[in-house]
Amino acid sequence: MRLRNIIIVTVLVPLFLILLVFSLVAIKSLEDNVRTKLQSEVQIISHAIGTSLGYALERDTPDALQESLHSAFSFHRIYGAYVFDTEGEKIYGLGLGEELFDADDIRAVVEAEEPTGDYRQHERWNYYSALVPLTTPGGEIRGVLQVNRLNTGIENYTGFISIVAVVVFAVGAAGIVLMIWWGFRHYIERPLNRLLGVMERVEKGDRSQRAAIDGPAEYRKLSLALNGMLDSMAEKDADIEARQRKEIELEKRLRKSKKLAELGVLAAGVAHEIGAPLTVINGQAQRLARREVIGDDERAKLGRIRSEVERIVVIVRQLMELGRQHNVEKECCRLDELIASAIGLLEEELERHGSHVEVALPDPAPQIVVNGQQLTQVFTNLMHNALQANPGGHIRVSAETLNAELHIKVEDDGPGIDEANKSRVFDPFFTTKPVGQGSGLGLSMVHRIINDHGGTVGVFDSVLGGAGFELTFPTDDPKPTQGAQPA
């Protein structure tokens with residue numbers, strides 16, 4: 001059952017029934033009071049003239065009898081007065097309503113020696129008529145007085161008033177119910193339906209829905225509470241999404257670390273197996289190059305052999321370093337000093353190409369708990385890649401602190417990285433450079449170092465037009481470790 005029907009059935013209907021019963025009882029009491037008053041007046045009048053009529057009957061004086069009866073008409077609304085003997089025969093009378101009682105009724109009053117009265121109707125007129133025994137001073141009943149009063153006042157309309165009252169009450173009750181129904185629909189049901197609509201849309205997945213703050217104060221409070229709950233849910237959802245992204249990123253980092261660790265084991269085995277042959281090859285090439293009997297062309301080829309052997313040794317060493325687990329020895333460093341150190345290492349190359357490095361850091365420069373040497377290597381690798389991508393271009397290093405994390409960006413205005421390659425740039429041996437110009441391990445080393453520091457690294461399209469790398473470090477890093485040795 002709907003709420004408005006429950007209110008009507010449990011509140012309004014019992015209330016209206018109580019009011020109806022109360023009204024009917026009040027009208028009935030009014031009617032009884034009016035009739036009682038009417039009867040009392042007729043009885044008083046009857047007793048008032050009954051004494052004089054008793055004397056007149058005892059003395060048998062018709063003039064006195066007529067005069068006494070005439071005096072009854074001086075009272076308000078007395079329309080008939082008659083005197084009967086003990087057998088019911090009329091002795092004298094005036095006015096209307098003579099036929100209201102028959103002889104048997106009159107004889108019954110004489111026998112009972114008690115007055116009586118009743119409501120009677122004659123010729124469409126309503127009367128209240130009283131019969132009073134007329135006694136002499138000696139106590140002998142000599143006749144009966146009949147006094148008729150016409151019901152021309154409110155007593156004639158009590159029944160009609162009752163009907164009108166019931167009709168008016170019914171119409172008023174219907175009007176009240178209609179007004180309450182309209183008010184309930186306008187001020188209660190519609191706001192509830194609006195709130196319900198918002199909840200249904202939220203249930204279907206539209207978390208952006210919010211309730212309108214209008215209507216009665218209670219609904220405004222309810223709307224505010226609902227909106228607050230939805231805002232809290234949105235915050236929780238955003239927090240859950242952020243945690244999920246972090247968990248996905250952590251999972252990626254773990255997979256990457258596992259992959260690099262497996263690669264390190266493989267590299268260690270390879271280095272163990274090919275280390276000695278490479279040493280022999282390098283040594284023999286060096287000894288051959290010292291011989292004077294060979295020409296310059298052969299000596300150049302032997303130099304090329306030694307160079308490639310050294311390149312193989314460097315790659316194997318990098319693979320072993322890439323896959324090794326590290327306990328990073330950290331210290332509190334100024335970010336601007338680390339960036340300046342990396343720029344210093346590349347100073348000659350920057351001047352040769354005419355490249356410019358822009359450093360945009362907050363003032364004062366942020367401090368970060370890291371291994372300074374390793375982070376300098378990270379900046380060196382990233383800026384070196386930018387130089388190779390666009391010699392003579394513009395490089396920008398910036399930083400800002402957001403949500404308890406330090407975000408460092410290294411950007412350039414080079415050709416950028418294709419969308420299809422962004423997910424592979426940190427994979428070992430992946431490179432877009434020509435064969436022999438890069439091992440594809442530089443960004444892998446960057447990923448490993450940042451991962452060892454508990455941070456993340458990602459690639460994006462820079463507003464400068466080229467590639468951008470974002471390094472993220474937690475600002476609540478543990479205290480610097482002293483004396484920790486790398487594994």
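Author: What follows is a conversation about a sheet, a helix and a few single residues.

Reader: What should I know before I start?
Author: This is a predicted model, in which local features need pLDDT of at least 70 and side-chain atom pairs count only at pLDDT 80 or more, while totals for chains, interfaces and linings use all residues. Residues are numbered from 1 along each chain as its sequence is written, and side-chain values use heavy atoms, with hydrogens and water left out.

Reader: OK, what is the strand order in the open sheet of five strands?
Author: The order is β7-β9-β10-β12-β11, and the pairing is mixed. Helices (H or I, at least four residues) and strands (E, at least two) are DSSP runs numbered from the N terminus, and two strands pair if DSSP finds at least two bridges between them.

Reader: Which strands stand at the edges?
Author: Those are β7 (356-360) and β11 (456-461), and each has a single partner strand, so one side of each is left without a neighbour in the sheet. From one strand to the next, the twist averages 20°.

Reader: And how many bridges are there between β9 and β10?
Author: There are eight bridges, and they pair β9 (residues 394-402) with β10 (residues 405-412) in the antiparallel sense. Within that pairing, Leu402 has Glu405 of β10 as its bridge partner.

Reader: Which strands does helix α7 lie across?
Author: Helix α7 (residues 335-345) lies across β7, β9 and β10, and it runs at about 175° to β7. Axes here are lines fitted to C-alpha atoms, for helices over the stretch in contact, and angles run from 0 to 180 degrees between N-to-C directions.

Reader: Which residues of α7 are buried?
Author: Leu335, Leu338, Ile339 and Ala342 are buried in α7, where buried means under 20% relative accessible area, exposed over 50% and partly exposed in between, with a 1.4 Å probe and protein chains only. These residues cover an arc of only 95° around the axis, which puts them on the same side of α7; the arc is that of the directions from the helix axis to the C-beta atoms.

Reader: How does α7 pack with α9?
Author: The two helices pack at an angle of about 55°, with their axes 8 Å apart. That makes α7 oblique to α9, since angles under 35 degrees count as roughly parallel, over 145 as roughly antiparallel, 65 to 115 as roughly perpendicular and the rest as oblique. Among the residues that meet there are Leu335 and Ile339 in α7, and Leu375 and Phe379 in α9, contact meaning heavy atoms within 4.5 Å.

Reader: Changing topic, is Gln374 buried or exposed?
Author: Gln374, which has its place in helix α9, counts as buried because its relative accessibility is 16%. Leaving aside residues up to four places away in sequence, Gln374 touches Val328, Arg448, Ile449 and His453.

Reader: Where is the cis peptide bond?
Author: It joins Asp363 and Pro364, with omega about 0°, and Pro364 has its place in the loop between β7 and β8. As a general point, most peptide bonds are trans.

Reader: One last thing, what is phi for Glu113?
Author: Phi of Glu113 is near 55°, a positive value in a residue other than glycine. Glu113 lies in the loop between α3 (103-112) and β3 (116-122), and at 54% relative accessibility Glu113 counts as exposed.
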